[in-house]
Amino acid sequence: MYYIHKIASITHQDSFNQTDVNDSLVEIAEDTVLISPDYKKYVLPASLRRLSPILRMAVAAAKECQEAITIPVEAISVGTALGCLTDTEKFLNVINTVEGEILSPTAFIQSTHNTIAGLISLELKNHSYNMTHTQNNLSLEMALIDSMLCCDEGKEFVLLGVADEAIDFLNKLKPIVLPENSIVTSGTTFFALSKKKSTAEIGFLACNSIIKPKGVEVEIVLFLRELKIEINEIDRVYTNQNSLDFPKEIVVNYEAYSGLYFTANAFGVHMAHDWLIKTAKKYALIVNSGCNNSLGLILLKNDKAQN
Amino acid sequence: MEIFITGYGVISSIGTNVEENLSSLMQERTAIKQGLNSYTSKFKVGEVALSNDALKSAFDLKTDGSRTALLGMVAAKEAFKNHSHFNALRTGLISGTSVGGMDISEVEYRKEMAGEKPNYKKYFHHPSGTTSEQIATEIGITGFVNTISTACSSAANAIMMGARLIQSGQLDRVVVGGTDCLTQFTIYGFRSLMIFDDEWCKPFDNSRKGLNLGEGAGFLVLESKKSLEITGKEVLAKLSGWSNASDAYHQTASSPDGDGAILSMKQALKQARLEPHEINYVNAHGTATPNNDLSESKAFINVFNGKVPPFSSTKSYTGHTLAASGGIESVFAILSIQNGLLFPNLNHTSPIEETGLIPIINIQKNIEVTHVLSNSFGFGGNNSTLIFSKI
Amino acid sequence: MSELKEKLKTQIIEQLNLEDLTIADIKNDSPLFGDEGLGLDSIDALEFIVLLDSYYGIKIDDPAIAKEIFHSVDSMADFIESKK
């Protein structure tokens with residue numbers, strides 16, 4: 001088990017530093033906006049002035065997690081599907097509009113995917129392992145697999161996180177590249193992970209990511225069989241899929257609350273985490289399936305479960 | 001657990017396969033010159049001389065993708081040639097890239113800004129993750145596919161990730177490396193940082209001005225012992241050490257004393273259970289920017305206690321291929337071990353004043369090369385070191 | 001000259017997104033870089049080069065000499081004047 005010692009999400013829901021994110025959920029609507037904390041509490045003004053929304057929210061969520069565990073994390077593993085889109089688009093505009101040779105560099109510097117994890121190391125003054133994974137909708141799974149490895153290799157605390165940001169341009173890609181009825185949103189979730197239990201109850205038990213799966217149902221059966229868990233032991237399923245072979249009453253569509261960003265399954269994990277605490281149930285499965293024929297499976301377990 | 005390397009592939013401006021790259025390295029022949037395309041013609045770059053269509057037909061590529069993906073397919077295919085698929089082996093692919101499909105996106109974006117009708121379908125190729133999925137499709141790998149994006153250390157980190165997944169038993173065999181093509185986005189980006197040399201770059205030279213950009217891809221096949229028993233492949237070399245550390249100093253600049261570089265080199269040596277004096281050759285990150293080369297030189301002096309082994313930056317041949325550099329230079333490290341060669345650092349005339357370190361100036365042959373250390377450092381202070389060893 | 005300095009301050013605030021500062025917060029002779037000044041860094045130095053090019057048509061191609069020019073608003077104004 002890889003215990004979740006702290007979890008922090010900034011999304012279009014009022015999710016930051018809530019005891020139970022499920023309490024104040026509303027279904028996502030077209031006119032929804034990111035609900036941001038006061039970033040000045042997390043980043044000095046001299047640094048904050050340059051930061052795009054994705055960098056601001058990721059640093060704030062990461063710092064919340066680091067502060068909650070007091071000792072410095074020994075690895076930072078971040079997943080992002082599309083990276084720093086605001087700065088990428090800004091620099092595309094710069095190179096296509098500015099005549100002459102002298103160009104503003106700031107957007108370029110902050111356009112690379114690893115600006116997020118790099119900035120977190122800078123803000124935390126952390127010299128440890130620092131990794132950025134980008135695998136479309138499996139970016140959380142990849143960052144999580146790396147975090148689990150780091151824990152297995154003896155690192156006491158690992159900072160795991162995901163972040164993705166919406167820009168208006170993404171709406172132009174509907175319905176060709178993105179699903180027609182999707183509401184494109186931004187969001188970040190960070191976790192402080194450790195194999196040490198101490199006061200934590202909920203943890204990641206397993207994660208699997210598959211390109212070209214044999215079929216969602218088949219892969220779920222194989223995944224659970226490997227863990228020696230029966231399908232009917234799953235108490236809740238969080239998914240972005242419409243039809244899964246589970247009783248309707250235990251299936252929650254996280255995307256209805258997160259909106260569409262390709263690491264939104266991390267918000268599904270957050271919802272599942274808070275639900276397990278509240279209900280003292282044992283297992284929650286997060287099923288994330290993408291249009292590029294890929295599947296991510298994450299199983300959360302509650303040690304304090306009554307059954 | 002030992003990590004065996006049983007395949008390698010590379011495409012860069014100095015050659016479209018391992019053999020051609022080796023030949024250029026031995027003949028001290030750079031391929032950095034005035035670019036061939038509209039977006040490269042004003043600059044000195046290490047460009048692969050084949051167009052996308054030429055790449056597809058020359059290498060019989062069946063999967064469509066960005067130039068980054070196509071370059072990756074060429075190198076991954078070479079690395080994985082003569083390898084077969086086995087049901088008993090879990091085989092994965094991990095690729096590093098920083099630009100992904102930007103070469104396609106920037107053209108569509110410019111069209112739209114100019115009032116032309118864009119083809120939004122083309123943005124399908126944009127995500128870096130898609131690049132890796134396309135490479136995996138081309139060589140028939142399904143299941144575990146991952147992309148690392150840590151700027152110029154991406155490929156080195158992809159190789160490291162693959163080794164760790166083998167070590168933990170999650171994979172038996174993995175194709176690892178990186179790919180990046182030249183784009184207007186990156187060329188103008190590095191120019192905006194004013195670390196671009198309009199002449200040939202001079203790594204570790206006192207008068208160095210900055211880098212030349214390049215493009216290409218480099219991939220390796222890593223296997224566990226269990227996998228070797230099934231594949232029966234010949235082992236080219238071992239990956240004996242790896243490490244990644246954060247400089248945590250500045251968004252782009254390296255710390256003056258190379259703190260992150262020192263950490264990553266020391267940790268990699270420790271993991272390989274090697275003493276600094278056992279390293280026979282260092283393939284440096286050596287971008288030829290004033291900041292990197294000084295900082296890396298100081299880190300060498302620190303890690304090697306003043307007795308710095310023969311070192312060079314092969315970016316003077318290929319240009320800085322960004323996310324691909326760690327993959328391409330890993331292939332060069334293995335070639336050094338296999339052929340007993342130390343590759344020179346071109347364009348060097350005077351040592352950096354502060355350090356006095358002189359890199360390898362001419363090709364060195366018939367050297368017993370047992371351990372090679374290879375550095376890759378990225379934006380955001382992402383420092384990685386790999387150590388390759390003779391089998 | 002003082003008019004130029006006031007204009008420069010407005011441009012600096014805009015170019016560097018110093019949204020929390022006003023013209024009054026930037027003294028003519030205090031250092032712009034480092035912790036004792038405004039806390040600007042090497043990325044800002046590059047933005048200053050962009051500023052000089054786009055507003056004043058002055059090109060600097062060696063970032064190393066930029067440090068002296070961009071020491072303070074005073075030194076920047078002197079440099080711009082000397083190029084007129």
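**Chain contacts, cavities and a pocket**

Reader: How many residues does the contact take from chain A, and how many from chain B?
Author: Contact is counted here where heavy atoms lie within 4.5 Å. In this predicted model, the residues taken into the contact number 54 from chain A and 57 from chain B.

Reader: What kind of model is this, and what pLDDT do its local features need?
Author: Residues are numbered from 1 along each chain as its sequence is written, chains are lettered from A and ligands numbered from 1 in the order in which they are written, and side-chain values use heavy atoms, with hydrogens and water left out. Totals for chains, interfaces and linings use all residues, and side-chain atom pairs count only at pLDDT 80 or more, whereas local features in this predicted model need pLDDT of at least 70.

Reader: What area do chain A and chain B bury between them?
Author: The size of an interface is often given as the accessible area lost when the parts come together. Buried area is therefore the accessible area (1.4 Å probe) that two parts lose on being put together, summed over both. With 61% of it on carbon and sulfur atoms, the area that chain A and chain B bury between them is about 4900 Å².

Reader: Which residues of chain A lose the most area to chain B?
Author: Three residues together account for 12% of what the chain A side buries. The ones that lose the most area to chain B are A:F108, A:H127 and A:I211.

Reader: How many salt bridges are there between chain A and chain B?
Author: A salt bridge requires a side-chain nitrogen of Lys or Arg within 4 Å of a carboxyl oxygen of Asp or Glu. B:E112 and A:K172 meet this rule, with their closest N and O atoms 2.6 Å apart. Between chain A and chain B, the count of salt bridges is four.

Reader: Which element gives the most residues to the side of chain A that touches chain B?
Author: Chain A and chain B have 24 residue pairs in polar contact, both at pLDDT 80 or more; such a contact is a pair of N or O atoms within 3.5 Å, where within protein one must be able to donate a hydrogen and the other to accept it, and residues adjacent in sequence count only if both atoms are side-chain atoms. Helices (H or I, at least four residues) and strands (E, at least two) are DSSP runs numbered from the N terminus, and the elements of chain A that give two or more residues to this side include helix 3 (85-97), helix 6 (139-152) and strand 6 (202-211). With eight residues, the element that gives the most is helix 3 of chain A.

Reader: What volume does the largest cavity have, and which residues lie closest to its centre?
Author: On a 1 Å grid over the protein atoms alone, a cavity is a set of points where a 1.4 Å probe fits but cannot get out, a pocket is an open set with protein on both sides within 12 Å along at least five of seven lines, and lining residues have an atom within 4 Å of a point. Grid points are joined across faces, edges and corners, and a volume is the space filled by probe spheres set on the points. There are four cavities of 30 Å³ or more, and the largest has a volume of about 260 Å³. Of its 21 lining residues, the closest to the centre are A:S111, A:T112, B:S98, B:V99 and B:F185.

Reader: Which element gives the most to the lining of the largest cavity?
Author: That lining divides into 13 nonpolar, eight polar and no charged residues, where Ala, Val, Leu, Ile, Met, Phe, Trp, Tyr, Cys and Pro count as nonpolar, Asp, Glu, Lys and Arg as charged, and the others, Gly among them, as polar. Helix 3 of chain A and helix 7 (184-192) of chain B each supply at least two residues. With three residues, the element that gives the most is helix 7 of chain B.

Reader: Which element gives the most to the lining of the second largest pocket?
Author: About 1200 Å³ of space lies in this pocket, and among the 34 lining residues those closest to its centre are A:N208, A:S209, A:I210, B:R90 and B:Q170. The lining has 18 nonpolar, ten polar and six charged residues. With seven residues, the element that gives the most is strand 6 of chain A.

Reader: What area do chain C and chain B bury between them?
Author: Eight residues of chain C are in contact with six residues of chain B, with zero salt bridges between these chains. With 70% of it on carbon and sulfur atoms, the area that chain C and chain B bury between them is about 480 Å².
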